[in-house]
Amino acid sequence: MNEHAHLSLHVPEPAVRPGGQPDFSNVKNARAGAVPRPDVDAAPETIRDLAYSIIRVLNRDGEAVGPWAGLLTDQDLLTGLRNMMKLRAFDARMLMAQRQGKTSFYMQHLGEEAVSCAFRKALEKGDMNFPTYRQAGLLIADDYPMVEMMNQIFSNESDPLRGRQLPIMYSSKEHGFFTISGNLATQYVQAVGWAMASAIKNDTRIAAAWIGDGSTAESDFHSALVFASTYKAPVILNIVNNQWAISTFQGIARGGSGTFAARGLGFGIPALRVDGNDYLAVYAVARWAAERARRNLGPTLIEYVTYRVGAHSTSDDPSAYRPKTESEAWPLGDPVLRLKKHLILRGSWSEERHTQAEAEIMDEVIQAQKQAEGHGTLHAGGRPSVRDIFEGVYAEMPSHIRRQRQKAGY
Amino acid sequence: MARMTMIEAVRSAMDVSMARDENVVVFGEDVGYFGGVFRCTQGLQAKYGKTRCFDAPISESGIVGTAIGMAAYGLKPCVEIQFADYMYPAYDQITQEAARIRYRSNGDFTCPIVLRMPTGGGIFGGQTHSQSPEALFTHVCGLKVIVPSNPYDAKGLLIAAIEDPDPVMFLEPKRLYNGPFDGHHERPVIPWSRHELGDVPEGHFTIPIGKAEVRRQGTAVTVIAYGTMVHVALTAAEETGIDAEVIDLRSLLPLDLETIVQSVKKTGRCVVVHEATLTSGFGAEVAALVQEHCFFHLESPVLRVTGWDTPYPHAQEWDYFPGPLRVGRALAEVMEA
Ligand SMILES: Cc1ncc(C[n+]2csc(CCOP(=O)(O)OP(=O)(O)O)c2C)c(N)n1
């Protein structure tokens with residue numbers, strides 16, 4: 001006889017399921033302005049608390065407060081607001097286009113616009129992002145033409161990727177946006193390699209890695225942390241915690257305690273948690289990390305605490321796994337509305353101008369869509385040549401692929 | 001010219017490449033200070049500094065993933081996977097990332113990396129130091145796959161691989177590192193210093209990727225082999241007295257179909273030899289191509305001599321390793337048909 005109690009497996013569950021009352025008591029809603037701003041060369045072990053709190057700048061009244069405030073001009077903020085609004089309008093139109101059968105698939109950013117839009121502002125020309133699929137704001141905020149993004153989404157004859165990639169898997173070296181893979185987390189370690197290369201060449205450019213909360217469970221996330229900390233690579237390691245990985249709540253990747261940011265602590269990497277719905281806070285933290293990287297102080301890990309308001313993708317129905325009203329209960333608010341409120345409070349924006357801007361932006365998006373649709377959509381109009389299937393597998397086409405191309409009639 | 005072992009030739013290729021192009025970096029487990037478990041990178045760190053030749057954490061996915069990022073930046077990483085058997089943790093990075101970056105970005109980003117890895121058995125390495133995973137790479141579009149059989153080729157092909165704009169898998173038959181090997185395990189290894197292909201130019205030269213080499217002219221049967229099996233096939237031809245033409249593929253992807261077809265049309269018979277397991281091995285691809293392109297010239301079925309469809313056993317290694325006896329039997333069989 002064995003005197004030990006029988007073991008049982010612990011399987012984490014979210015606080016509520018459909019039909020229940022949304023519960024975000026786990027999101028420790030730190031007061032805006034309360035978290036200190038350390039010097040960029042602070043020793044990682046002295047700022048461990050930053051991995052457990054949430055850095056916030058905009059308070060409930062729309063004021064920018066605390067040590068992370070005051071870095072952006074009115075003009076910067078107006079541009080930031082416009083970028084987020086543009087991304088939101090772009091998403092709305094493309095979602096509709098997918099529903100109309102003009103493309104096969106789409107992924108929107110609703111609720112997460114501040115993360116990529118504000119982050120892009122902390123980078124410089126020549127820096128490189130290794131994004132995953134919910135960072136189109138990096139392109140929008142860098143003025144990449146929307147029509148090119150749409151050409152890619154429609155896989156039309158002007159698609160810069162010649163119809164080879166799933167919609168939204170953009171690529172633009174010119175705009176510091178590495179080609180997106182459908183395989184989660186692979187890009188995380190690639191970003192570290194790019195940053196190491198920049199350091200090997202004594203360059204001044206830095207890299208940024210992107211991952212979702214769920215995908216931090218992939219081994220490549222951990223490989224990336226090993227390499228980044230070992231070689232002190234000039235890289236910003238971003239984790240977008242939008243609470244959900246498709247239908248799986250964040251606790252399945254994280255477990256029941258700690259934070260995603262805290263994963264960096266064991267590697268001696270400074271780790272910060274930031275309010276991902278606060279444009280000012282995201283920018284401030286990203287700039288802090290960028291400065292560290294540029295001053296050769298090594299990697300920084302940032303967890304953006306945010307919420308995916310929309311579905312995971314056009315193939316997903318979130319009402320099947322979370323309360324319908326959950327997004328309304330999200331304690332950190334809407335990034336667009338929060339920045340708008342702040343700008344109105346500062347006297348540099350108004351409800352009227354906002355409404356007018358919304359209309360202008362939608363018009364701009366519609367014009368871009370018309371232009372893109374002129375080049376074709378997935379099932380109608382011009383599309384890349386079948387010849388394009390065979391091109392570009394290698395720098396030079398080997399004879400076996402040439403034979404196959406000829407067989408296909410091209 | 002200088003006498004070189006295959007290890008020295010591989011090292012010399014990296015040395016020459018690093019001297020010519022400062023974007024070439026070499027890294028991997030134990031390759032920096034120590035010079036690699038087979039000492040292929042010995043001296044490179046001392047010569048080029050530790051940011052161009054350095055030790056990596058034991059994380060194959062990390063090694064290949066960072067190499068991909070470095071290549072996207074503009075470097076030319078030539079990395080060592082300690083044994084081919086340990087590339088599996090990096091398989092995703094190799095096959096779905098490195099292989100496809102050019103294609104999926106329409107040339108916006110490219111991936112000029114070289115992954116060197118010791119392959120094959122015959123050293124009592126057991127199951128995890130003996131594998132030949134070439135078919136796992138040749139099935140992937142976007143990669144190039146090279147298996148040299150001698151120091152001369154190893155150097156010329158490795159320099160070509162480093163200069164190649166696409167990702168190249170460079171499989172080094174570790175049984176050949178110190179000398180050619182005819183498959184008779186009881187016989188002493190002949191050093192490369194007494195072999196004509198151990199005479200290697202010290203400076204820069206390349207061998208084009210995608211070109212096979214006829215190692216022995218013959219009229220009766222074509223033996224298609226690569227790596228260690230080239231030497232086994234040559235020995236089998238001598239021992240049986242069958243006038244075999246032996247083709248050393250050197251590059252499996254892209255494959256030199258022309259040389260194969262020309263030879264089989266001449267001989268009318270074909271045997272494919274490799275060390276990797278039989279089922280879905282690279283020999284299946286070669287056999288299919290031969291029947292597709294030479295069917296009306298064939299006088300007997302194409303035969304394959306390969307490792308068995310089992311993991312590589314330790315104690316029975318020499319019953320697993322395809323030696324000249326087994327190749328000789330296959331030669332006799334196609335001649336009888
Ligand atoms: C290696 C791999 N496994 C599984 C998938 C399928 N998949 C696509 S998105 C996703 C969820 C990712 O969640 P998270 O990392 O939290 O990012 P989010 O979508 O919430 O931004 C999964 C499982 C994949 N694309 N790649």
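## Briefing on the predicted model

F227(A), Y231(A), F27(B) and F54(B) together make up one aromatic cluster. The model is a predicted one, in which local features need pLDDT of at least 70 and side-chain atom pairs count only at pLDDT 80 or more, while totals for chains, interfaces and linings use all residues. Residues are numbered from 1 along each chain as its sequence is written, chains are lettered from A and ligands numbered from 1 in the order in which they are written, and side-chain values use heavy atoms, with hydrogens and water left out.

**Aromatic pairs**

- A pair of aromatic rings is described by the distance of the centres and the angle of the planes.
- Rings of Phe, Tyr and Trp (its six-membered ring) pair if their centres lie within 6.5 Å; planes under 30 degrees apart count as stacked, over 60 as edge-to-face and the rest as tilted.
- Over all chains, this rule gives a count of 27 aromatic pairs.
- W210(A) and Y304(A) form a stacked pair, because their ring centres are 6.0 Å apart and their planes stand at 20°.
- This pair ties together parts that are 94 residues apart in sequence, because W210(A) lies in strand β2 (residues 207-212) of chain A and Y304(A) in strand β7 (residues 300-305) of chain A.
- Helices (H or I, at least four residues) and strands (E, at least two) are DSSP runs, numbered from the N terminus.
- W210(A) counts as buried, at 0% relative accessibility, and Y304(A) counts as buried at 0% as well.
- Buried means under 20% relative accessible area, exposed over 50%, and partly exposed in between (1.4 Å probe, protein chains only).
- W244(A) and Y321(A) form a tilted pair, because their ring centres are 5.2 Å apart and their planes stand at 50°.
- W244(A) belongs to strand β4 (residues 244-245) of chain A and Y321(A) to the loop between β7 and α9 (326-329) of chain A, so this pair ties together parts that are 77 residues apart in sequence.
- W244(A) is buried, with a relative accessible area of 5%, and Y321(A) counts as buried at 7% relative accessibility.

**Charges over rings**

- A charge sits over a ring if NZ of Lys or CZ of Arg is within 6 Å of the ring centre and within 35 degrees of the ring normal.
- In chain A, R37(A) lies over the face of W68(A), at 5.3 Å from the ring centre.
- In chain B, R39(B) lies over the face of F34(B), at 4.1 Å from the ring centre.

**The surroundings of the ligand**

- There are 15 residues around the ligand, and Y133(A), G182(A), G214(A), S215(A) and W244(A) come nearest; a residue is near a molecule if one of its heavy atoms lies within 4 Å of it.
- By class, this shell has five nonpolar, seven polar and three charged residues.
- Ala, Val, Leu, Ile, Met, Phe, Trp, Tyr, Cys and Pro count as nonpolar, Asp, Glu, Lys and Arg as charged, and the others, Gly among them, as polar.
- An N or O atom in the side chain of Y133(A) is 2.6 Å from an oxygen atom of the ligand, and for R134(A) the corresponding distance is 2.8 Å.
- A polar side-chain atom of S215(A) is placed 2.6 Å from an oxygen atom of the ligand.
- On its own the ligand has 590 Å² of accessible area, of which the protein covers 71%; such areas come from the Shrake-Rupley method with a 1.4 Å probe.

**Backbone features and loops**

- I168(A), although not a glycine, has a positive phi of about 75°.
- I168(A) is found in the loop between α4 and α5 of chain A and counts as buried, at 3% relative accessibility.
- G176(A) is placed in the loop between α4 (146-154) and α5 (186-200) of chain A, and at 3% relative accessibility G176(A) counts as buried.
- G176(A) and G126(A) are 50 residues apart in sequence and 6.3 Å apart in space, C-alpha to C-alpha.
- F124(B), although not a glycine, has a positive phi of about 55°.
- F124(B) is located in the loop between β5 (114-119) and α6 (134-138) of chain B and counts as partly exposed, at 43% relative accessibility.
- L253(B) and P254(B) are joined by a cis peptide bond, with omega about -5°.

How values were computed: A polar contact is a pair of N or O atoms within 3.5 Å; within protein, one must be able to donate a hydrogen and the other to accept it, and residues adjacent in sequence count only if both atoms are side-chain atoms.
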